[in-house]
Amino acid sequence: MSTNDELVTLLDAVRDIVPTLRKNGLEAEERRRIPEENIELLEKAGVFRMAVPRRFGGLALGVAEQSKVISEIARGCPSTGWLTMVWVTSARAAGLYSDRAREGAFGFWKSSIMAA
């Protein structure tokens, strides 16, 4: 699958969950915490894989593509969009480390994908 196809698939999955993110937005603001349901929906959609290197089972999307996904998430819940931006930025930074450090940071992705 090409990066563009992966982006389209990811954006479609995110658009499907936007109504639930929006519904949970008030709870996020009141509790000052992202509802667990939002995190689970992002995980199921594959959002947290977008900055993970391909060799670890990620999508390795570029910054422009990641911004499109984050913008779509924020359309549903700005707080969840912000959280996603923070996570993706951290994952992108970890991708710049040495091979050994990347193995430590992303090795669990590879393991969880193999176990599925």
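A residue is termed buried when its relative accessible area is under 20%, exposed when over 50%, and partly exposed in between (1.4 Å probe, protein chains only). The model is predicted, so local features need pLDDT of at least 70 and side-chain atom pairs count only at pLDDT 80 or more, while totals for chains, interfaces and linings use all residues. Residues are numbered from 1 along each chain as its sequence is written, and side-chain values use heavy atoms, with hydrogens and water left out.

The chain contains five helices and zero strands (DSSP runs numbered from the N terminus: helices H or I, at least four residues; strands E, at least two). Of its 116 residues, 40% are buried. Among contacts (heavy atoms within 4.5 Å) with a separation of 6 or more, 61% are between residues 24 or more positions apart.

Helix 2 spans residues 36-45, and its buried residues are Asn-38, Leu-41, Leu-42 and Ala-45. These lie on the same side of helix 2 because they cover an arc of only 100 degrees around the axis, the arc being that of the directions from the helix axis to the C-beta atoms. An α-helix has 3.6 residues a turn, so residues three or four places apart point the same way. The buried residues of helix 2 pack against helix 1 (3-31), helix 3 (63-76) and helix 4 (78-94). Gly-46, with a positive phi near 95 degrees, follows helix 2.

Within helix 2, Asn-38 has a relative accessible area of 0% and is therefore buried. Beyond its neighbours within four places in sequence, Asn-38 contacts Thr-20, Leu-21, Asn-24, Cys-77 and Thr-80. The side chains of Asn-38 and Thr-80 are joined by a polar contact of 2.9 Å (a pair of N or O atoms within 3.5 Å; within protein, one must be able to donate a hydrogen and the other to accept it, and residues adjacent in sequence count only if both atoms are side-chain atoms).
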